[in-house]
Amino acid sequence: MQTKNIINTNMKLWKIALMAMTVSVAGQAENVFVNTPKTTLMLNVNEGHTPRISYYGSRIDAAQAHEVYEAGAVNGEAYPAFGRNSFDETALSVTHADGNMSTELAVTGWRTEGDMTVITMKDRKYNFFVDLCYKAGEGSDVIETWTVIRNGEKKAVKMEQYASGVMTFRQEGAWLTHFHGAWGQEAGMTEEPLTEGLKTIVNYDGVRTAMGDRAEVMLSLDGKPQENSGRVIGAALCWTGNYRLRIETRGKYRHTLLAGIDGLHTTYTLKPGETFTTPVLAMTYSEEGKGGVSRAFHRWGRNGQLHNGKALREILLNSWEGVYMNVNQEVCEQMMDGIKELGGELFVVDDGWFGRKYRRTHDDKALGDWVTDTVKLPKGVPALVKAAEDRGLKFGIWIEPEMVNSTSELYEAHPDWVVAHPTRELSKGRGGTQLVLDLSNPKVQDFVVSIVANLMKENPTLHYIKWDCNMSMQNFGSSYLTADRQSHLFVDYHLGLRNVLERIRKDYPELVIQLCSSGGGRVNWGAMPYFDEFWVSDDTDAQQRLFIQWGTSHFFPPMAMAQHVSASPNHQTGRVIPLKFRFDVAMTGRLGMEMKPSDLNEKEKEYAKKAVAFYKEIRPIVQLGDLYRLLSPYDNKGFCSEMFVTEDKSEAVFFCYKFENYIGLETPRWHMAGLDPDAKYQLNEFGSTERNSRFEGKTFTGRFLMETGIEARLGRQFASRVIRLKRV
Ligand code: GLA
């Protein structure tokens, strides 16, 4: 096997090489290296042949390529197409203009330019082209892959399957970690060995890509997944619509992940000359366990994939659980006074502020009519903005712009704007009247953009929007799409959404926008470039939040996770949990509150003030640092723990919780992670209710804290402790 490196492996030379464009040499197999600082994806590319994945793992240099082959390369097809030798799962399946359902892709060339590597392919017989793209920069260890599919034939080609990317590896005893859930129980984690056969993870919601299963998986190569050790591949499909992830396991421990838009009911037609760009599949590889994968994704987010990923997030009060739809000027001002007193920075009015002909007093009307309900708010939104700003707070507002109630002025004016087939009776969602607007229609896209534009015109200092989305496509059909393109709806809805979000971001780059979808029903990296944060779950019970936030943090950065302290007893579960525990659980993400502050007694208020002030101190560590999950709530020990460490390892903050209660439940010894082993750290505990503070103000080496650990006892159920570490 002849090899030729395209990217010099020496870091300096690598940078120089990246600046130059590299093109293919015909007629010989070559190794194409897609490198990140710590990882390498190596592809074997040969003109006239199908490209193959040879290696994905820790960074190697070209001189080591022979080791890959001599040891036995993975040798999986990088983008298998249906029709020739396709007895395994395929990434691409199309019907060509003449009815031929088989495709045979062969490499025509490859090039590397900047951080992009593109392998160009063409069907051996047809003018049908696929570019296989990889993007890998120095900023993170995440590789992005996608394809650009072009129809050069004389008539339309129909695509039934058009995955974004493929990854193959060989390893016995590999495990899969995946996430699933429903309203109020998002990001439930399942970890299972990969066994022979096909594991499929899909979403059919049509609108809410994370309602149910999530589009992110981890593949652990060293048996049962560990937090901070072992080799793990992480993969996330970045798409807001229906998707399908397949993990096929065949003999000789060969595992293949294929991920992309779900092709079911979604045959996509490409007219002659048309191209289709598949969404990104983002992947990383780590030798530091699942935690290493998480940290790579978090960093990738902060470095660009999360909107405004370097800015600290504000502490806010959201009105929902405080007053639900009973908002009015007076009650909002009371809540503003409350959050101001506690040290908060932003007030967000949730659902219930709008509707004139049909007033939003209940969830069965007014979606679509984004005008103030002047009975509740006689002076409109500007008076709320002013009231907030008079108190030194910023102001935010809730909208659900992709939706309409059939009881609304919008629906009366535009019944054809909803997703539905005109011949069918409508199936309605929330409130018995909710419907989805048809975002494949450019006029509907304009309308959705205008909702934000009008709010901004009326309230130029509006700081924050909570963008909600509470329904699936219960009806199927579009009055806008032609009869032969009805099967484009599941895709075109989301291309329309992307267009809307891009237009809004172009005009309002500074606006903070929260992604919400019946809680965390739309959490996906396909959305996050447009959003600053997301609502993790409508379940604000701190005990359940430990699990929900644990799962969510596997792929999404804590700075983007909206975590609110709510009332006790909790409105969803009725559970009574002390305020300290509720704060300590909420503090591991973007802290907020979701209650009437006036419901707190004086002692609680004093505590809340201290907690908010403390959070402001640790905010840069939590929001911009690295997360190390330590003890999983899924371990059935009744405890949970995690910590955050700044990138320079000079500061850290450690959290531990006890959420079970039975006699004899011993607190574990806490072993920290992520610290500089040779540095000394001073420990200071925040707001402990425990007497055990023998380490208060004492110093320890990072090595000792990680290897030997500390005893920080947790007494009763819902005891929790937060310890700050500073390098001395
Ligand atoms: C959804 C959201 C909630 C709240 C309500 C308002 O359920 O997840 O946070 O905004 O809508 O109707």
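This is a predicted model: local features need pLDDT of at least 70, side-chain atom pairs count only at pLDDT 80 or more; totals for chains, interfaces and linings use all residues.
The mean pLDDT of the chain is 94, and 96% of its residues reach 70 or more. Residues are numbered from 1 along each chain as its sequence is written, and side-chain values use heavy atoms, without hydrogens and water. Local features need pLDDT of at least 70 and side-chain atom pairs count only at pLDDT 80 or more, whereas totals for chains, interfaces and linings use all residues.

The chain is divided into domain 1 (3-305), domain 2 (316-625) and domain 3 (629-727), with bounds from an automatic or database domain assignment. The centres of domain 2 and domain 3, taken over C-alpha atoms, lie 34 Å apart. Their contact takes 27 residues from domain 2 and 30 residues from domain 3. Between them the two domains bury about 2,500 Å² (accessible area lost on being put together, 1.4 Å probe, summed over both), 74% of it on carbon and sulfur atoms. Phe-547, Trp-550 and Ile-621 supply 30% of the area that domain 2 buries against domain 3, more than any other three residues.

One salt bridge (side-chain nitrogen of Lys or Arg within 4 Å of a carboxyl oxygen of Asp or Glu) is counted between domain 2 and domain 3. Arg-724 forms a salt bridge with Glu-617, their closest N and O atoms being 2.7 Å apart.

Ser-518 is found in the loop between strand S28 (512-515) and strand S29 (533-535); strands are DSSP runs (E, at least two residues), numbered from the N terminus. Beyond four places in sequence, residues touching Ser-518 include Trp-183, Arg-208 and Asp-538.

How values were computed
pLDDT is the predictor's confidence in each residue, from 0 to 100. Helices (H or I, at least four residues) and strands (E, at least two) are DSSP runs, numbered from the N terminus. Contact means heavy atoms within 4.5 Å.
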